[in-house]
Amino acid sequence: MNRRIRRFSVGLLAVLLAAGLAVIWMLSPEAERTARFAHNDCKRVDLTDPRTGQPIVGVEDLVLAPDGNTLILSAHDRVDPDMPDGGLYAVSLMSLLDDANAPVFRLDAVRNVALSETVRFRPHGIAMDPESGALAVINRNKPSSARIEVGPVGPTGWRPDWVIEVPRLCRANDLEFRPDGLFTTIDRADCGPSFRDLAPWSSTGSIARVTPDAVIFDSESLQFPNGLALGTVAETRAHAVRWPGGERLKLPGGPDNLTVDADGALIAAIHPSLIKLFLMREGWFENSPSRIVRITPSSRQIEILFDDPTGRMFSSATVGVLAKGHLIAGSSTDKGILICKGQR
């Protein structure tokens, strides 16, 4: 064999072997990390839609109402083509802790009446104003499009009283009420598939202030901004949260939604492996790892609350809420919610 061909063959084999070993390393599960809540403290609780009688799948986001007991869930089963719409639900935290069959209330049943229109309802990120009680919902009502619907929650449910839908909101992801208005993350610039958005280091995301009449951009060049809380943004592809001043705190994975506990700490649901998350969503794997952490803003301390490196107990958690010492988590792909009981 010609010496050059032999060298090329050996080099190609070495590259392929190294690539194969790298793939094996990336797809191998991590060791489970020490966490506040062990797996035997936790269980996945199935929830049922009271209107359809079907299981609730794909709880993308959670908020705890100002009463400290009512959990509001946004859910949409993105995998099942027979479930074109999602739902907005309310359930009592105390009922969930005491009864696996806690009653669920459908909040969006009066939505179309309030809006005088019929539009697909596929809720994504949600936020509640602690002062007015208004609930804001990102509705990804059709491919490459989204709108934000805002209104109060009352005895009969959630009735939006204003809506904004502009092209730049197509990738709206999460929401936060602040004293100076309602803000949203827009995770990337392009509504559809784009080569520039495929790069892991892509920085085309932004944050915008939303009013009934306009979307005003506040900051740009972010790496897939996802969750938003206390003016802090979760940059999924940077594996970090970015504080209001611009400083980044690295996290053990790509953060998704953010919530705030009673002590003012951030609770972040984290995807330990974005590659595994992508492969699961493409149908290559059944599960993807979950991790939830608590971040103390003053000290920048990171505490792991829950860790599931295989995703078999609860796959690809997208949000966590820490309330009354208990952890509640949702997932955009798994059924129901995760409940981890603490000390009462």
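Reader: Leaving aside its neighbours within four places in sequence, which residues is Arg44 in contact with?

Author: Please keep in mind that this is a predicted model. Arg44 is found in strand E1, which covers residues 42-45. Once neighbours within four places in sequence are set aside, the residues in contact with Arg44 are Met313, Phe314, Asp334, Lys335, Ile337 and Leu338.

Reader: Is Arg44 buried, partly exposed or exposed?

Author: A residue counts as buried under 20% relative accessible area and as exposed over 50%, with partly exposed in between. Because the relative accessible area of Arg44 is 36%, the residue is partly exposed.

Reader: In what order do the strands of the open sheet lie, and which are the edge strands?

Author: The open sheet is formed by 4 strands with antiparallel pairing, in the order E15-E16-E17-E18. Two of these strands pair on one side only, and they are the edge strands, E15 (225-229) and E18 (248-250).

Reader: Which residue in E18 stands opposite Ala240?

Author: Strand E17, made of residues 240-242, pairs with E18 in the antiparallel sense over 3 bridges. Within E18, the residue that stands opposite Ala240 is Lys250.

Reader: Over which ring does the charged end of Arg300 sit?

Author: The charged end of Arg178 sits over the ring of Phe183, 4.0 Å from the ring centre. For Arg300, the charged end lies 4.1 Å from the centre of the ring it sits over, and that ring belongs to Trp243.

Key. Residues numbered from 1 in each chain as written. Predicted model: local features only at pLDDT ≥ 70, side-chain atom pairs only at ≥ 80, totals over all residues. Heavy atoms only, no water. Lys NZ or Arg CZ within 6 Å of the ring centre and 35° of its normal. Pairing = 2+ DSSP bridges. Helix = DSSP H or I, 4+ residues; strand = E, 2+ residues; numbered from the N terminus. Buried < 20%, exposed > 50% of the residue type's maximum accessible area, 1.4 Å probe, protein only. Contact = heavy atoms within 4.5 Å.
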